[in-house]
Each structure stands twice: as C-alpha cells, then as structure tokens.
Amino acid sequence: MSTTISVTSLRAWLGMLALGATPACGVSAQTRDQNTPFDVLMIYNGDWAVRALHPWSGGAPGAVDHLKSRCQRFTLYFACEQTVNGKPQTLIVYTKGTGPGKFNTRTIAPNGLAGGRGDLTIDGDRWTYLDKPPAGLNGPWSRVENVILNRNQIRFEEYESVDEGKRWTLTNRGAEKRTGTTKRR
C-alpha cells in the first residue's frame, strides 16, 4: 500500500467520523440557530486514531494512523481538510443531496486533481458512502459502511465492486476512536 490514502480509504475515514452529532457536539451557536443539513457533518472536526486491517498509511495490520480533520461550513458547501499522520491528504467537499440525509461529495487531492461525484446517505447510525466512475468511464465502484457505536467510536467496512454494484468484496475494516481534547461526552 502506498503512503497516500486511497479514495476508498478516505471515504471510509470520513464516513466513520460521521457520528450523527447534535448541535451540542461542538457546532457554533450561529449554526444551531440556522439548523442546516450540514450541522451533522461538523462531527468530523477533530482528531482520531484509526486501527484497520489495512492501515491507510501502509503500515502493518493493526497499526494506528493519526487522522486530523479541520472542517468548515459555508453557505452551500461544507468542507473538511484531512491529514494522515501529519501529511495533508485531501479536501472533501459536501453539497446538499436530493433529500434529508443525502449529500453529494467530491474529493480534491493536494495537487488539485478531483475525484468524481460521490454520494453519502445517512440512515440513523449507519452512514453509507457510494462512489462510482463518472458516466462513460469504466472502473470499480466503492462503498463504505460506517456504524456509529457512540460519539467517539466508529466501526467501518470498505467494499469494492467490479460489476456495477451487483456483488461486493470486503477490502478493509477497522475502528476509529476520537482522541485528545476533541472527545465528545
């Protein structure tokens, strides 16, 4: 595995950090007053330790990756810059989707290259990211399933499909734990 995080791994990390937070979880008073669909995404903001079968940094199985997410809400966008073990990896931008609990996503690498549009569906404590190649291009689909155990712990599984989502193969799994001063009560 390379020292850079894959789009699938990045989606997993972001999805895992989506804890279904309420405004009491660190969202500003201004955001609470406006009560936007992006409020729930602010839970990403903070520091996390991640143990995975296949660590995103390329370390040995079970090694801990240290993730930092700095997030900001804008008028029509929500964005998080992520670092893995102190190295900037990506910026993920969210926009509102077609209904409640639906978001569009796009990742941008430090060199400016952007991935295709992905989708996030929030259904209670289960957050599902789905990425597929843009129309006219071939390639594998990826899906990340995140189960929120509590505000500070998340379990995740990453899948890939080579037949347009008919069959899925598990490619990674692990758990995340919030660290330091970003822990939520």
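Modeller: Happy to! Let's begin with L76, which is exposed because its relative accessible area of 54% is over the 50% cut-off. Keep in mind that this is a predicted model.

Biologist: Where is L76 found?

Modeller: L76 is in the loop between β2 (64-73) and β3 (78-84).

Biologist: And which residues form a nonpolar patch with L76?

Modeller: F74 and Y77 do: together with L76 they form a nonpolar patch on the surface, with about 330 Å² of accessible area together.

Biologist: Nice. Stepping back, what do the strands build?

Modeller: A closed barrel of 10 strands, running β1-β2-β3-β4-β5-β6-β7-β8-β9-β10 with antiparallel pairing. From one strand to the next, the twist averages 25°.

Biologist: Can we zoom in on one pair? How many bridges join β5 to β6?

Modeller: Strand β5 (residues 102-108) and strand β6 (residues 118-123) are joined by 4 bridges and run antiparallel. In that pair, T105 stands opposite G118 in β6.

Biologist: Which residues is D65 in contact with?

Modeller: Leaving aside neighbours within four places in sequence, D65 is in contact with W48, A49, V50, P55, W56, S57, V84 and N85. For P55, which is 10 residues apart from D65 along the chain, the C-alpha atoms are separated by 6.8 Å.

Biologist: You mentioned N85. What is its phi?

Modeller: N85 has a positive phi of about 50°, although N85 is not a glycine. This residue is found in the loop between β3 and β4 (87-96), and N85 is partly exposed, with a relative accessible area of 40%.

Biologist: Which other residue has a positive phi?

Modeller: E164 is one, with phi near 60°, and E164 is a residue other than glycine. Look for E164 in the loop between β9 (153-161) and β10. E164 counts as exposed, at 55% relative accessibility.

Biologist: Last topic: what about R184, where is that?

Modeller: R184 is in the segment after β10 (169-178). At 17% relative accessibility, R184 counts as buried.

Biologist: How far apart are R184 and I43?

Modeller: In sequence, R184 and I43 are 141 residues apart, while in space they are 9.3 Å apart, C-alpha to C-alpha.

Note on methods. Residues are numbered from 1 along each chain as its sequence is written. This is a predicted model: local features need pLDDT of at least 70, side-chain atom pairs count only at pLDDT 80 or more; totals for chains, interfaces and linings use all residues. Side-chain values use heavy atoms; hydrogens and water are left out. Two strands pair if DSSP finds at least two bridges between them. Helices (H or I, at least four residues) and strands (E, at least two) are DSSP runs, numbered from the N terminus. Axes are lines fitted to C-alpha atoms, for helices over the stretch in contact, and angles run from 0 to 180 degrees between N-to-C directions. Patches are made of residues with over 30% relative accessible area and no salt bridge: like charges are joined within 9 Å, nonpolar side chains (Val, Leu, Ile, Met, Phe, Trp, Tyr) within 5 Å. Accessible areas come from the Shrake-Rupley method with a 1.4 Å probe; for residues, only the protein chains shown count as cover. A salt bridge is a side-chain nitrogen of Lys or Arg within 4 Å of a carboxyl oxygen of Asp or Glu. Buried means under 20% relative accessible area, exposed over 50%, partly exposed in between (1.4 Å probe, protein chains only). Contact means heavy atoms within 4.5 Å.
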